[in-house]
Amino acid sequence: MSNPIVIVGSGLAAYTLAREFRKLDQATPLTLITRDQGAFYSKPMLSNALSANKLPAALILKNAAQMACELGAEIIAGQSVASIGVAERRIQLADGRCIAYRDLVLAQGADSVSLPLQGNAVDCVISVNDLDDFTLFSERMATAKTVAILGAGLIGCEFANDLLSRQIRPVLIDSAEWPLSRLLPQRAGAYLDARLRQAGVEFRGQVTACSADREGDVLRLALSDGSYIDADIVLSAVGLQPRTALAAAAGAACGRGIIVNRRLASTLSNVYALGDCAEVMGYYLPFVMPIMHQAKALARTLNGDPTDLNYPAMPVVVKTPACPTIVCPPPAGGDGEWLVDEQEGGLEAGFYDAAGSLLGFALLGAATIRRQALLGLVPAMLA
């Protein structure tokens with residue numbers, strides 16, 4: 001029997017790739033290696049599971065055994081990869097086992113970034129990056145009345161909105177002046193802020209958390225402006241750090257993530273990467289739609305049909321029912337300006353270049369109905 005294609009990871013990227021590959025090839029051995037239990041669940045659901053009344057166990061769609069059966073694959077759960085032997089096409093697991101591969105795909109995801117906080121309760125600050133994290137968060141939330149969220153980006157805003165469904169007061173803390181500052185222009189961010197406040201979300205902008213200390217039954221956060229916030233839970237949502245250590249130790253080029261070309265190939269022979277650990281042609285896009293495109297292209301390449309990845313314009317849907325938001329970000333560092341039109345019940349912002357071409361947009365509230373009309377005007381991101 002030939003050596004298997006080995007996928008390291010069991011998240012959305014890993015399982016989507018495995019499914020796409022099996023549509024094309026039912027015979028080649030397939031092995032997935034994961035450090036967790038290997039269950040398949042929707043990670044994006046973690047930030048709106050509360051309003052959907054989903055307990056952690058209910059988020060699991062299939063366990064590892066069911067996924068192995070569906071994919072005709074071997075799934076090695078609860079095990080991490082210690083090293084990659086590129087010349088031998090062999091990986092070594094933490095328990096000492098060695099597994100030969102035909103091709104190796106790294107779909108390891110990313111870790112939550114930890115802020116350099118001081119204080120005696122730093123270990124009490126949690127982040128939600130997987131199902132186990134969400135289980136801990138759910139347990140602590142049972143008696144919580146206030147949750148302080150460090151970071152008002154996509155995940156921070158979604159969790160804040162979701163907490164409202166449990167009558168829990170969320171406090172968003174961010175160094176930026178408005179929420180979703182990396183995706184929205186100022187007027188759109190101010191619009192989002194106002195709608196979230198109306199729903200019950202408090203936003204503390206232009207400040208950072210300095211320390212976390214236990215004060216009786218609550219956690220006290222000291223902020224950079226000298227003020228304090230008392231909360232039952234402190235949730236960190238300040239960003240992601242791609243897991244690149246394994247690839248880097250084997251000699252792969254890494255930047256923000258593992259650097260891959262349009263065929264998702266790393267600088268190591270027969271080693272590929274996709275998902276939240278990959279940086280594709282300078283793009284780092286930890287969102288669902290890019291993963292779908294990556295998985296489909298890489299599945300074809302692994303099946304013997306070398307396929308370049310194409311990125312169409314890909315809008316990001318922010319799960320904030322208090323203010324529905326869709327953003328199709330313009331190219332990073334692109335030359336142009338935002339033009340904003342605030343309408344009754346909504347706001348539309350377009351990013352236009354000097355020739356008047358639309359390069360990106362943001363739609364909030366009632367303006368989200370304009371998604372399809374504007375999407376056809378935005379050029380592909382990677383064609």
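**View 1. The lining of the largest cavity.** Asp-36, Gln-37, Gly-38, Ala-39, Tyr-41, Asp-130, Leu-131 and Asp-132 line the largest cavity. This is a predicted model, in which local features need pLDDT of at least 70 and side-chain atom pairs count only at pLDDT 80 or more, while totals for chains, interfaces and linings use all residues. Residues are numbered from 1 along each chain as its sequence is written, and side-chain values use heavy atoms, with hydrogens and water left out. The largest cavity holds about 50 Å³ of space, and the count of cavities of 30 Å³ or more comes to 1. Its lining residues divide into 3 nonpolar, 2 polar and 3 charged. (On a 1 Å grid over the protein atoms alone, a cavity is a set of points where a 1.4 Å probe fits but cannot get out, and a pocket is an open set with protein on both sides within 12 Å along at least five of seven lines; lining residues have an atom within 4 Å of a point. Grid points are joined across faces, edges and corners, and a volume is the space filled by probe spheres set on the points. Ala, Val, Leu, Ile, Met, Phe, Trp, Tyr, Cys and Pro count as nonpolar, Asp, Glu, Lys and Arg as charged, and the others, Gly among them, as polar.)

**View 2. The second largest pocket.** Here the volume is about 150 Å³. Ser-112, Val-113, Ser-114, Leu-115, Leu-117, Val-122, Val-125, Ile-126, Ser-127, Leu-150 and Ser-236 form the lining of the second largest pocket. By class, that lining has 7 nonpolar residues, 4 polar and no charged.

**View 3. An open sheet of 3 strands.** The strand order is S6-S7-S8, and the pairing is antiparallel. Strand S6 (81-85) and strand S8 (98-100) are the edge strands, each pairing on one side only. From one strand to the next, the twist averages 20°. Strand S7 (residues 90-93) pairs with S8 over 3 bridges in the antiparallel sense; look for Arg-90, whose bridge partner in S8 is Ala-100. (Two strands pair if DSSP finds at least two bridges between them; helices (H or I, at least four residues) and strands (E, at least two) are DSSP runs, numbered from the N terminus.

**View 4. Two loop residues with positive phi.** Arg-89 is not a glycine, yet it has a positive phi of about 50°. Arg-89 sits in the loop between S6 and S7 and is partly exposed, at 34% relative accessibility. Leu-180, also not a glycine, has a positive phi of about 55°. Leu-180 belongs to the loop between strand S12 (169-174) and helix H5 (186-199), and is buried at a relative accessible area of 2%. (Buried means under 20% relative accessible area, exposed over 50%, partly exposed in between, with a 1.4 Å probe and protein chains only.)

View 5. The whole structure has 0 disulfides, a disulfide being a pair of cysteine sulfur atoms within 2.5 Å. For Cys-323, the nearest cysteine sulfur is that of Cys-157, 9.9 Å away. Cys-323 is buried, at 1% relative accessibility. Cys-328 is buried too, at 2%, and its sulfur is 18 Å from the closest cysteine sulfur, in Cys-323, too far for a bond.

Definitions and conventions: Axes are lines fitted to C-alpha atoms, for helices over the stretch in contact, and angles run from 0 to 180 degrees between N-to-C directions.
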